[in-house]
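Open the model in your viewer and keep the selection tool at hand. Each stop says what to select and what is there.

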Amino acid sequence: MENKWDHLVKNMPNRLAPSMAKDHPNLPVIKEEGCYYFGVDGKQYLDFTSGIAVTNVGHRHPKVVQSIKDAADGLMHGPSGVIMYESILRLADELADIMPGNLDCFFFANSGTEAVEGALKLAKYVTKRPYVVSFTGGFHGRSLGALGVTTSKSKYRKFMQPSGLTYQVPYANVKECPAGLDPEAYVIEKLERDFATLFSHQVTPEEVACVILEPVLGEGGYVVPPKGWLKKVREICDRHQILLIFDEVQTGFGRTGEWFAAQTFDVTPDIMAIAKGIASGLPLSATVASNELMKQWPLGSHGTTFGGNPIACSVALTTLSIIKEENLLENTKQMGSYAVQQLEEMKKRHRVIGSIRAVGLMIGIEIINPQTGQPNGSGLLKILDAALKKGVLFYLCGNHGEVIRIIPPLIVTKEQIDVGLQLLDEAIMEYEETLMSLEGI
Ligand SMILES: Cc1ncc(COP(=O)(O)O)c(C=O)c1O
């Protein structure tokens, strides 16, 4: 007999836009809990995606579920400004304690792209400068302002190119370093040269409001820059009174082993965009800056109807306390380095694994064509499909879709990492066997 899901799929017209509903792997799911999804097929899947770095404290943490119920008994909607409520005030106060430097003032919104929009608008407003510099390969969202600084894939911009002019410089790429040179020194020196070229050929530094970057390149391929490179970006901004924006939408809330990558890399930006892990799946984000900077952005220059929703703020408070109570920053560091050790061993057995790039539980495995060394996005999809059949879910990134993203919930255990990586190992082995039969070896 036809089950409910098959019936739904067969009889439903195509009401969901393909751009929304066809990403990989599009697994039909009825429930989520901890580090697991439960499929409509009755199978349990280990989740190494965290809903793209969102459910850092695990799916449907019981305290999160309870706080949604409790909050809904009081308030469901603001908007802040028309009314004022405890959860938004307390959240701003508690967040201020964990932010880097003097970033202690918050404009709450709903999504990562909105937090980026706010950051760009704030920088333009306070500097009265028109232009923005971002890094090639960066992903900052899909609304037109954020898209203007997003260059991870041209398909995101095709026929929708933003009208505002922005400038790009290359992100740190230690792989380009010629043999015999120190990779960190090489990328730092190159950064100075790239900015000098930009400022002398295209835009003067006095016209630049801000430089925006992801402290670890996310969608663009999980590229971890050397600390010194990020410090150099800070230095170049300071030299020209340009504001530095960190997009910590993906790197935030413990993902790198500290609250934010700014702390992991010991570089403090002027403005931050935060979202994803903040409220365990409820829509919430923030543009963050010092009070000194924020107070130059007057009433009416920015606004929101839904931003800082009371239930989402309550859940964010609960999420912060879970991260503290369950010691998840420490777990992230320990599980991250354990997973990388295992992966380095795995790399020795597999020709298709290129580099492994990691900070905390933000781990990228590059899949290459073993004969050419080139990125191998189609091979990666075969590996992820095989892994999914075995019961573990991974996501992908990289300009050619060639990097496996491993971003489990930060509650992940050693046993779960062992299971997930064992299944990945088997999936890669199967793919390599098919390659060998094609090569006739
Ligand atoms: C670094 C970064 N910035 C911004 C965004 C956009 O966030 P959203 O999809 O919530 O708009 C993302 C989403 O993946 C992201 O990874």
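**Stop 1: two cis prolines**

Select Pro25, in the loop between α2 (18–21) and β1 (29–33). This is a predicted model. The peptide bond running from His24 to Pro25 is cis, with omega near 0 degrees. Now jump to Pro79. It sits in the loop between α4 (62–72) and α5 (86–98). Here Gly78 and Pro79 are joined by a cis peptide bond, and omega is about -10 degrees. For context, most peptide bonds are trans.

**Stop 2: two positive phi values**

Go back to the loop between α2 and β1 and pick Asn26. Asn26 is not a glycine, yet its phi is positive, about 55 degrees. Is Asn26 buried or exposed? Asn26 counts as exposed, because 8 other C-beta atoms lie within 10 Å and the limit for exposed is 12 or fewer.

Next, select Ser280, in the loop between β9 (271–274) and β10 (285–289). Ser280 also has a positive phi, near 55 degrees, and is a residue other than glycine. Ser280 has 30 C-beta neighbours inside 10 Å, so it counts as buried; the cut-off is 20 or more.

**Stop 3: the ligand shell**

Centre on the ligand. Which residues are closest to the ligand? They are Ser111, Gly112, Thr113, Gly141 and Val249, out of 15 residues that surround it. By class, the shell holds five nonpolar, seven polar and three charged residues. Helix α6 (residues 112–127) contributes the most to this shell, with three residues.

Stay on helix α6 and select Glu114. Glu114 counts as buried because it has 25 C-beta neighbours inside 10 Å. Leaving out residues up to four places away in sequence, Glu114 touches Ala109 and Ser285. Draw a distance from the C-alpha of Glu114 to that of Glu426: it reads 40 Å, across 312 residues of chain.

**Stop 4: the largest nonpolar core**

Select Ala119, Ala123, Cys210, Val211, Ile245, Val288 and Ala316. Of the 126 residues in the largest nonpolar core, these touch the most other members. Helix α12 (residues 310–325) supplies the largest share of this core, nine residues. The core takes at least three residues from each of domain 1 (4–57 + 327–439) and domain 2 (63–325). In soluble globular proteins, nonpolar side chains tend to be buried together.

Zoom in on Val288. What does Val288 touch, not counting residues up to four places away in sequence? The contacts are Met99, Leu103, Cys105, Phe106, Ile271, Met272 and Ile274.

**Stop 5: where the domains meet**

Colour the chain by its division into domain 1 (4–57 + 327–439) and domain 2 (63–325). Their C-alpha centres are 26 Å apart. How many residues of each domain are in contact? From domain 1 there are 24 residues, and they are in contact with 28 residues of domain 2.

Highlight the domain 1 side of this contact. α3 (50–53), α13 (328–349), β11 (353–359), β12 (362–367) and β15 (403–406) each supply at least two of its residues. The largest share, five residues, comes from α13. By class, this side of domain 1 has 12 nonpolar, nine polar and three charged residues.

How values were computed. Residues numbered from 1 in each chain as written. Predicted model: local features only at pLDDT ≥ 70, side-chain atom pairs only at ≥ 80, totals over all residues. Near = placed C-beta within 6 Å. Helix = DSSP H or I, 4+ residues; strand = E, 2+ residues; numbered from the N terminus. Nonpolar A, V, L, I, M, F, W, Y, C, P; charged D, E, K, R; others polar. Core = buried A, V, L, I, M, F, W, Y, C linked by C-beta atoms within 7 Å. Domains from an automatic or database assignment. Contact = placed C-beta atoms within 7 Å.
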